[in-house]
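Colleague: I would like a close look at one part of this model, with the packing around it. Please take the side chains step by step.

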Amino acid sequence: MRIVGLTGGIASGKSTISNLFKASGVPVVDADVVARDALRKGTGGWKRVVRAFGEGILRDDGEVDRALLGQIVFSDPEKRQLLNRLLAPFISSGLFWEIVKLWLKGSRVIVVDVPLLFEAKMDQWTSPIIVVWVDPETQLRRLISRDGISEEQARNRINSQTSLDWKRSRAHIVIDNSRSLEDTKEQFQEVLIEVTKPLTWKEFGLSIRGALWALVSIVVGVLLFRNIYNDVK
């Protein structure tokens, strides 16, 4: 089984590549979907986040107001880091079990779509790593258009994330999404051929190591969570 890491930055077009994989029959495990599930009312993640940030982040129906929470953490790096740490064990375990289910179904290639792939150290159990890159001005323009926000707000959101150029330097494969959709699709077809090739012995060893690393990450995440939880009680 090959576990492919897919990452990028805000408004880089990562979702476009994720959807192209799905349309090509390659299963995708989406960390954003797992994170949303981890924040659903009554879950362990929901309880910990509400305890840490207060009931003011809840909507009338008791669900977390994700837009409001986003505003809070975007403007405060410490709170953003706290949120990431609180949810990390839930997201790690959620990703792991989604991968296990797909493996049991016989999937030979699984794409793991994780915005914080490097930050969460998940790059250590995925190979190859695909980074969807876009030039800064195009990224800024697309974000303003997509979210209907000001240039200052867009720049703040982009600057709150790890640099796309840094991620690009750590990638095995880079998809430049700065131009047309057709150009991106042409690049994707080349990538698809590459990631669906039979595993080499070296890659087989990496996939085994990746599975073990994922399991260890979950255990470490749970232990880390206990320490964080005690700090915010």
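The charged end of Arg168 sits over a ring: which ring is it, and how many Å from its centre?

Modeller: The model is predicted. The ring is that of Trp133, and the charged end of Arg168 lies over it, 4.3 Å from the ring centre.

Next, the aromatic pairs. Three of them turn up in a search of the whole structure. One is formed by Phe21 and Phe188, edge-to-face, with 4.9 Å from centre to centre and 80° between the planes. Phe21 belongs to helix α1 (residues 14-23) and Phe188 to helix α9 (residues 181-195), so this pair ties together parts 167 residues apart in sequence. Phe21 is buried, at a relative accessible area of 0%, and Phe188 is buried, also with a value of 0%.

Phe118 and Trp166 form another edge-to-face pair, with 5.4 Å between centres and 80° between the planes. Here Phe118 comes from the loop between β3 and β4, while Trp166 is in helix α8 (residues 164-170), so the pair ties together parts that are 48 residues apart in sequence. Phe118 counts as buried at 5% relative accessibility, whereas Trp166 is partly exposed, with a relative accessible area of 39%.

The loop between β3 and β4 also holds Asp123. Asp123 is buried because its relative accessible area of 15% falls under the 20% cut-off. Apart from neighbours within four places in sequence, Asp123 is in contact with Leu117, Phe118, Ile129 and Arg170. Phe118 is thus a contact of Asp123 as well as the partner of Trp166.

Val49 touches Leu39, Gly54, Ile57, Leu69, Leu83, Leu86 and Leu87, leaving out residues up to four places away in sequence.

Technical notes
Residues numbered from 1 in each chain as written. Predicted model: local features only at pLDDT ≥ 70, side-chain atom pairs only at ≥ 80, totals over all residues. Heavy atoms only, no water. Contact = heavy atoms within 4.5 Å. Helix = DSSP H or I, 4+ residues; strand = E, 2+ residues; numbered from the N terminus. Buried < 20%, exposed > 50% of the residue type's maximum accessible area, 1.4 Å probe, protein only. Phe/Tyr/Trp six-rings, centres within 6.5 Å; stacked < 30°, edge-to-face > 60°. Lys NZ or Arg CZ within 6 Å of the ring centre and 35° of its normal.
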